[in-house]
Protein chains: 2
Amino acid sequence: MTLETVSTNKSFGGVQGVYRHRSAQTGTEMTFSVFVPGHAPGARLPVLWYLSGLTCTHANVTEKGEFRAACAEHGVIFVAPDTSPRGDDVPDDEAYDFGKGAGFYVDATQEPWAKNFRMRSYIEQELAELVAANFPVDMDRQGITGHSMGGHGALTIGLRNAGRFRSVSAFSPIVSPLSCPWGDKALTGYIGSDRANWREYDACALIEDGARLPDLLVDQGTADGFLEEQLRTDLLAQACEKAGQPATIRMQEGYDHSYYFISTFMAEHVAWHAERLKA
Amino acid sequence: MTLETVSTNKSFGGVQGVYRHRSAQTGTEMTFSVFVPGHAPGARLPVLWYLSGLTCTHANVTEKGEFRAACAEHGVIFVAPDTSPRGDDVPDDEAYDFGKGAGFYVDATQEPWAKNFRMRSYIEQELAELVAANFPVDMDRQGITGHSMGGHGALTIGLRNAGRFRSVSAFSPIVSPLSCPWGDKALTGYIGSDRANWREYDACALIEDGARLPDLLVDQGTADGFLEEQLRTDLLAQACEKAGQPATIRMQEGYDHSYYFISTFMAEHVAWHAERLKA
């Protein structure tokens, strides 16, 4: 697996890089970003994965996420993948919430998506191996977070891989694709209409079915226009309560769905992960 | 002067807004952004002006500048204007360094620019009055900073208006339009070929001609591709040295011209201004 460097910029004493590689999972070129803080020669640093939301690429959080100051302070590597395969040969949908930019972190089983839309295996396997091989990461100290569709990705990947991720948090996550229009459309399209197959892609269902994490941090803005219909933070709170899953779910007064919200609480999330990854 | 609100987003406990108004100076609609930190009712806060560089609008620093955490901490309002008039009726040049996005903070005297390209008077007068009338600012406590062409703007506007601005800093400024290709092209085009008229738009010449500030903070990346030919930090250091103008000019090893550089040192600049504005 060869890695092409698209760009590097010194920032906060470290290096913000953007990289491209040919993915076996998606059959396409994939682009992602990595911030590596300044560190002692030979050191291996904990790594925080950030999964982005609908319509985003690696670039949104890389430019607007305001994570570098905190990652530099705590010595944490920050990896931001794309949200779907890209390219002229990749099937797409004209809507913003399906197809390119909307991979939902699943392995699609339905046509024409099954060939390229393998974002679950891409994140869980291929990109993890690529990052481990090319950056000074300590793969025994991994955390994961994300926003909206990427919050769904972080929660579900985290819950399914509790051994790999020591810390899991999310910003305004879609907590239950089984219970919202975005999820209904995407999972029907990618996975098919048998909703039993959706449970491994639904944070609430995973918790109901017994998946557990040591704890969980979620921030959700009360002025987020997607809260009531799509995000349904209440369902996650109920699932955690019922299952005895420890969780800190914070409703943040007046904040919306944008990076103005995410950046406000980013440093707290990085510190929260760092505390667990360095313990 | 009526102000139209384009957007507001809660961020870092304050409000990041974008506003539009009809400008008498430029004869166009102008857009700018203002961050107002959370504050006690009736309080008036110090204000930091940020002037952007070539090709930028208000949006670049608003999205990538990472100033809000520091402005919230220190209680400083942050204003980011556009870099030129905009619109189909405004003359333009196909190059990135002249015309739209490249107002150079001058009042143009040459045709076809003279009618619209009045960014000096726009910043020094019109926008100042508009901000004073519409936001909880204490106009007795103003600082100014900027990047590249906007660093040039901050230094020259600051030097010409030392009574208005208590604190002046810059990121990778163009320090002498008289001594670089960008300046030569822009000032010839906007002001004409009589270089004596350029001196009020040249930070080094203003200092030579007697303008003084209490002090000055400049950060400049050593890996900035524009340093040697366009920015010429050395000329500012020489002018300050010769004139006895106190200045802290920091050459930052390995940093380039991008917002990855600016954001790294933004919190230090905000703190530096706050210290002087709150003294």
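Author: A salt bridge here is a side-chain nitrogen of Lys or Arg within 4 Å of a carboxyl oxygen of Asp or Glu. This is a predicted model, so local features need pLDDT of at least 70 and side-chain atom pairs count only at pLDDT 80 or more, while totals for chains, interfaces and linings use all residues. Residues are numbered from 1 along each chain as its sequence is written, chains are lettered from A and ligands numbered from 1 in the order in which they are written, and side-chain values use heavy atoms, with hydrogens and water left out.

Reader: Are R68(A) and E66(B) buried or exposed?

Author: Both R68(A) and E66(B) are buried, a word that means under 20% relative accessible area, with exposed being over 50% and partly exposed in between (1.4 Å probe, protein chains only). In the salt bridge that they form, the closest N and O atoms are 3.5 Å apart.

Reader: How many salt bridges does the rule find across the interface of chain A and chain B?

Author: The rule finds two across that interface. On the side of chain A that touches chain B, the elements giving two or more residues are β1 (4–11), α1 (58–64) and α9 of chain A, and α9(A) gives the most, with four residues. The contact (heavy atoms within 4.5 Å) takes 20 residues from chain A and 20 residues from chain B.

Reader: Switching topic: where does UniProt place the "active site"?

Author: The unreviewed UniProt entry puts that feature at S148(A), D224(A) and H257(A). These residues cluster in space, with a largest C-alpha distance of 10.7 Å, although they are spread over 110 residues of sequence. The positions are in the numbering used here, feature names are shortened, and annotations may be inferred rather than shown by experiment.

Reader: What does D224(A) touch?

Author: Not counting residues up to four places away in sequence, D224(A) touches S172(A), L231(A), Y255(A), D256(A) and H257(A). D224(A) is in the loop between β8 (217–221) and α7 (227–231) of chain A, and it counts as buried because its relative accessibility is 5%.

Reader: And H257(A), where does that lie?

Author: H257(A) is in the loop between β9 (248–252) and α9 (259–277) of chain A. It is buried, with a relative accessible area of 14%. Leaving out residues up to four places away in sequence, H257(A) touches residues including H147(A), S148(A) and D224(A).

Reader: What about S148(B), what is phi near there?

Author: Phi of S148(B) is near 60 degrees, which is a positive value in a residue other than glycine. S148(B) is in the loop between β6 (137–146) and α4 (149–160) of chain B, and at a relative accessible area of 3% it is buried. Y105(A), which is not a glycine either, has a positive phi of about 55 degrees; its place is in the loop between β5 and α3 of chain A, where it counts as buried at 0% relative accessibility.

Reader: Last one: which peptide bond is cis in chain A?

Author: The bond from E111(A) to P112(A) is cis, with omega near 0 degrees, and P112(A) is in the loop between β5 (77–80) and α3 (119–134) of chain A. In chain B, the bond from E111(B) to P112(B) is cis, with omega near 5 degrees.
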